[in-house]
Amino acid sequence: MRPEEYANAHLMEFRRLTGRSEEEVHDARVEIRKYVVVGKALYRLHGDWESLDRASRIAHTLGKVRDVDVSGCPGDRDRLLYSVEVMRDHVMPFPRLLGSRLLVMESLVREYRSVLVEEEFHSLRKRLRRARILVESLEMDSEEIKELVRRMGDLRDQWLRSRCSGEEFQISGEDTREFKEQGVEILRDLLSSGHEFHHLRKVLQSGQVL
């Protein structure tokens with residue numbers, strides 16, 4: 001499956017998820033996020049800013065709903081979900097795009113470089129989450145990074161709930177460094193694995209930083 005086909009498949013799955021339960025909102029957010037991440041990587045090829053902008057706003061709004069659901073804090077859930085309904089049918093699938101794998105790989109390398117210097121937990125989690133989607137869209141083994149991102153998400157949810165309840169829960173710098181080290185190792189292994197971008201493998205295998 002090509003990256004644009006991956007994005008389109010997840011857009012179709014997003015459109016199927018019309019329920020308003022916590023689980024369905026979570027699933028819809030995951031699906032549209034995958035479309036957005038790959039769509040941003042491929043923007044130079046498709047140029048469909050309107051669809052990408054709508055999808056990004058949908059993902060952001062569903063994130064707000066998800067935060068309400070996880071934290072237990074009050075929020076206007078119905079209004080937020082209504083705004084998603086208004087936009088959901090105006091996000092278009094991408095056409096077949098020549099060179100899509102190369103652009104996605106270039107985006108993955110940029111995320112890897114950013115992870116190398118990232119020090120803040122929430123930004124690190126978002127970068128690794130984007131990297132995980134890019135890896136998956138290239139049909140590379142995403143299980144390790146998927147598990148790492150899941151653990152970071154669990155910690156973020158714990159932090160979010162503590163903000164609403166007034167508890168004093170902080171994500172430590174030590175935790176952040178540990179996640180970063182694991183993420184760097186996983187991404188480095190993936191970028192030096194058996195893919196068709198031989199120049200990247202040679203650079204990494206020589207010990208150089210991309």
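How many nonpolar, polar and charged residues are in the lining of the second largest pocket? By class, that lining has 3 nonpolar, 2 polar and 13 charged residues. The structure is a predicted model. Its chain averages a pLDDT of 92.

**Confidence**
- A pLDDT of at least 70 is reached by 95% of the residues.
- Helix H1 has the highest mean pLDDT among the elements of the chain, at 98.
- Helix H10 (residues 198-205) has the lowest, at 70.

**Largest pocket**
- The largest pocket holds about 630 Å³ of space.
- Its lining counts 25 residues.
- Nearest its centre lie Arg 33, Ala 59, Lys 126, Arg 129 and Arg 130.
- Five helices each supply at least two lining residues: H2, H4 (49-71), H6 (100-117), H7 and H8 (143-165).
- By class, the lining of the largest pocket divides into 7 nonpolar, 5 polar and 13 charged residues.

**Second largest pocket**
- About 520 Å³ of space lies in the second largest pocket.
- Its lining has 18 residues.
- His 26, Val 30, Arg 33, Val 149 and Arg 150 are the closest to its centre.
- Two or more lining residues come from each of H2, H7 and H8.
- H8 gives the most, with 8 residues.
- Arg 33 is listed by the centre of the largest pocket and by the centre of the second largest pocket.

**Cavity**
- The structure has 1 cavity of 30 Å³ or more.
- The largest cavity contains about 70 Å³ of space.
- Residues that line the largest cavity include Leu 17, Thr 18, Gly 19 and Arg 20.
- Glu 24, Val 25, Ala 28 and Leu 62 are also among them.
- Leu 81, Val 84, Glu 85 and Arg 88 are part of this lining too.
- Helix H2 (22-41) and helix H5 (77-87) each give at least two residues to the lining of the largest cavity.
- That lining divides into 6 nonpolar, 2 polar and 4 charged residues.

**H1 against H7**
- Helix H1 (residues 3-16) packs with helix H7 (residues 121-137) at an angle of about 115°. Their axes are 9 Å apart.
- Angles of 65 to 115 degrees count as roughly perpendicular, so H1 is roughly perpendicular to H7.
- On the H1 side, the contact uses Pro 3, Tyr 6 and His 10.
- On the H7 side, Ile 133, Glu 136 and Ser 137 meet them.
- The contact of H1 with H7 has 3 nonpolar, 2 polar and 1 charged residues.
- H7 also supplies lining residues to the largest pocket and to the second largest pocket.

Notes. Residues are numbered from 1 along each chain as its sequence is written. This is a predicted model: local features need pLDDT of at least 70, side-chain atom pairs count only at pLDDT 80 or more; totals for chains, interfaces and linings use all residues. Side-chain values use heavy atoms; hydrogens and water are left out. Axes are lines fitted to C-alpha atoms, for helices over the stretch in contact, and angles run from 0 to 180 degrees between N-to-C directions. Helices (H or I, at least four residues) and strands (E, at least two) are DSSP runs, numbered from the N terminus. Angles under 35 degrees count as roughly parallel, over 145 as roughly antiparallel, 65 to 115 as roughly perpendicular and the rest as oblique. Contact means heavy atoms within 4.5 Å. Ala, Val, Leu, Ile, Met, Phe, Trp, Tyr, Cys and Pro count as nonpolar, Asp, Glu, Lys and Arg as charged, and the others, Gly among them, as polar. On a 1 Å grid over the protein atoms alone, a cavity is a set of points where a 1.4 Å probe fits but cannot get out, and a pocket is an open set with protein on both sides within 12 Å along at least five of seven lines; lining residues have an atom within 4 Å of a point. Grid points are joined across faces, edges and corners, and a volume is the space filled by probe spheres set on the points. pLDDT is the predictor's confidence in each residue, from 0 to 100.
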